[in-house]
Amino acid sequence: MNAVNHYHGGVIRGSDTRLVWETTMAEVPDLCDLPMDISEVEFYANDVPNIMKVNKRLYSHEGRVSCISKIKPSTGKPEHSVHVFKKVKAFSTIVKKWKKDGGSANRRFFYDDDLLTPVLVNENISISNAEIEAAPRTRFLHVKSSQHNIRDSKQKSLKMNGNNSLVASFLAGENVQLEVKIKVDTYFEAKPDKDNLPLALGIVGSKLYLCCTTEEGTTDGALSLTEVEDIKSKADDDLLPFIFYYRKIDSHNNTFESAAVPGYYLSTSQNEGAKLHLRPGSETFIREFRLTPSLV
């Protein structure tokens, strides 16, 4: 027994053993006529179960509703056929719309210039009488100040000898109060040497600083106490005579080499009561000192 059923857009012919489904293509609607609630999810969501996709409605031209979505063939027709039809229909509609708009020839991309309005105008700005001043470069940069007691490796302390020199002596009892404290101003050098730390040595409670120069007519180093109003205001060549390079010899002892007279060190005599001098490292003077508390 044969049965013929008519539906919008196709005819289903059936028999006892099989069903043959014939579908006729309806006019493809323009892309702009498609309702906004139909999205790409309906056409391309392949991971959604087929039974869920079949129950969705497919809109046709001029708002007519097709009943194809209600067809549920019992045998001989895979359930995903309707979805293949939807994809083909959607693709055809997109291609038709693309051709109608002139294809890629009329396609226009969005550029940064699209943000510019006629109100914005490019103008050339001229600069005249420009003056460039180089920033001053300082060899030494002041870091911090600290106070210390200083003694040579023989435990001789430093005390004032008048107003212009220091002497090294063993101080005990009431004479301990004669020991001077040293103000240490630490600096950072533009081209640092990891073994040498630049610093200036002053007398706490005064404006006197140890200053290194060369003796007139010779290359020998000379040491003096010079009054300085503000050591931080001095820089480069003005500061150099006051700079010593501090170097650790061991866990306790250190040396102080003159930056203005390289190779000359703060030194004391083996004898008590001798002045603090600036001597070459090869001479048999004591040039190792200990700072309390330790500097680094």
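**Strand pairing and charged side chains in a predicted model**

Thr-213 stands opposite Ala-222 of strand β10. The model is a predicted one.

Colleague: How many bridges join strand β9 to strand β10?

Modeller: Strand β9 covers residues 208-214 and strand β10 residues 221-227, and the two run antiparallel. Their hairpin has six residues between the strands, and Gly-217 there takes a positive phi near 80°. The number of bridges joining β9 to β10 is seven.

Colleague: Which side chain of opposite charge is nearest to Asp-185, and why is there no salt bridge?

Modeller: Asp-185 belongs to strand β7 and is buried. The nearest side chain of opposite charge is 4.1 Å away, and it belongs to Lys-183.

Colleague: With which side chain does Asp-185 make a polar contact of 2.9 Å?

Modeller: Beyond four places in sequence, Asp-185 touches several residues, including His-142, Lys-144, Pro-198 and Tyr-209. The polar contact of 2.9 Å joins the side chain of Asp-185 to that of Tyr-209.

Colleague: How many residues apart in sequence are the parts tied together by Arg-139 and Glu-189?

Modeller: Arg-139 and Glu-189 form a salt bridge, with their closest N and O atoms 3.0 Å apart. Arg-139 lies in the loop between α3 and β4, whereas Glu-189 is in strand β7, so the separation in sequence is 50 residues.

Colleague: Is Lys-156 buried or exposed?

Modeller: Lys-156 meets Asp-152 in a salt bridge of 2.9 Å, N to O. Asp-152 has a relative accessible area of 1% and is buried. At 1% relative accessibility, Lys-156 likewise counts as buried.

Conventions: Residues numbered from 1 in each chain as written. Predicted model: local features only at pLDDT ≥ 70, side-chain atom pairs only at ≥ 80, totals over all residues. Heavy atoms only, no water. Pairing = 2+ DSSP bridges. Helix = DSSP H or I, 4+ residues; strand = E, 2+ residues; numbered from the N terminus. Buried < 20%, exposed > 50% of the residue type's maximum accessible area, 1.4 Å probe, protein only. Lys, Arg positive; Asp, Glu negative; His and termini not counted. Salt bridge = Lys/Arg side-chain N within 4 Å of Asp/Glu carboxyl O. Polar contact = N/O pair within 3.5 Å; in protein donor to acceptor, adjacent residues only side chain to side chain. Contact = heavy atoms within 4.5 Å.
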